[in-house]
Amino acid sequence: METRFENEYIRDKQTAKDVYGYWYFKRPIMIACYIVLGIWAVIYSMGAMLIPGFASDNFVVAFVVTASMSIILFAYYNQVNGMVKRDMELARGREILCKSTVTDSEINFSNFGNEISISIDSIKYAFITNQYIALVTKAKLMCMFKKDGFTVGDTDSFIAFLREKGIKIKGKKK
């Protein structure tokens, strides 16, 4: 099979921040949750100002909103730090060079000295972050391509290729 795209990048803490930043703060479902939490807080705050005796419930709302946001922030930092720690353990403190090769029918990944091959048909969707294009398989495996890491092909061609293969792309190309 002819290689259509090749991508190389060093996986580091910035990689984790970029990908998990999208996952926890920019996905449409998360934005919708933040909007609902915000509207709920505003409605209850307005009620506390306008309805006598309503202020006691306002404390509960403030607690729920604060607790929800704290849990989300904790999960984000936990995921970022967990990925960095796992990578350091697997790579024994060395930098992790991630290499990917894409053909018409499969994607081959090489990192930690292992090679993995997955079918293009197993890709459920892709999302675009500031610096990466992440592919998510039906089994929830996440495969990342750094936008400026293409040694064969380029970002625009890769996105067009994914669309041509019928893969839905979320996020905005920047």
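Residues are numbered from 1 along each chain as its sequence is written, and side-chain values use heavy atoms, with hydrogens and water left out. Because the model is predicted, local features need pLDDT of at least 70 and side-chain atom pairs count only at pLDDT 80 or more, while totals for chains, interfaces and linings use all residues.

A pocket here is an open set of points on a 1 Å grid over the protein atoms alone, where a 1.4 Å probe fits and protein lies on both sides within 12 Å along at least five of seven lines; lining residues have an atom within 4 Å of a point. Volumes are the space filled by probe spheres set on the points, which are joined across faces, edges and corners. The largest pocket has a volume of about 580 Å³. Its lining counts 25 residues, with R11, N111, L141, M142 and M144 the closest to the centre. Several elements each supply at least two lining residues, among them β1 (5–11), α1 (13–25), β3 (106–111) and β7 (142–146); helices (H or I, at least four residues) and strands (E, at least two) are DSSP runs numbered from the N terminus. Helix α3 gives the largest share, four residues. In terms of class, 16 lining residues are nonpolar, four are polar and five are charged. Here Ala, Val, Leu, Ile, Met, Phe, Trp, Tyr, Cys and Pro count as nonpolar, Asp, Glu, Lys and Arg as charged, and the others, Gly among them, as polar.

The second largest pocket has a volume of about 230 Å³. Of its 14 lining residues, Y22, K26, I128, G171 and K172 lie nearest the centre. Both α1 and α2 supply at least two residues of this lining, and the largest share, four residues, comes from α1. Its classes are five nonpolar, four polar and five charged residues.

Turning to charged pairs, the whole structure holds two salt bridges, each a side-chain nitrogen of Lys or Arg within 4 Å of a carboxyl oxygen of Asp or Glu. In one, D87 pairs with R11, with the closest N and O atoms 2.6 Å apart. This pair links distant parts of the chain, since D87 sits in helix α3 and R11 in strand β1, 76 residues apart. Both D87 and R11 are buried, where buried means under 20% relative accessible area, exposed over 50%, and partly exposed in between (1.4 Å probe, protein chains only). The other salt bridge joins the side chains of R4 and D104 (2.5 Å, N to O). R4 lies in the segment before β1 and D104 in the loop between β2 and β3, so the pair ties together parts 100 residues apart in sequence. R4 is partly exposed at 29% relative accessibility, and D104 is partly exposed at 35%.

On the surface, I31, I35, I39 and I43 form a nonpolar patch with about 370 Å² of accessible area together. Patches are made of residues with over 30% relative accessible area and no salt bridge, with like charges joined within 9 Å and nonpolar side chains (Val, Leu, Ile, Met, Phe, Trp, Tyr) within 5 Å; accessible areas come from the Shrake-Rupley method with a 1.4 Å probe, and for residues only the protein chains shown count as cover. I43 belongs to helix α2 (residues 28–50) and is exposed at 54% relative accessibility. G166, in the loop between α4 (155–164) and β9 (168–170), is exposed at 63%.
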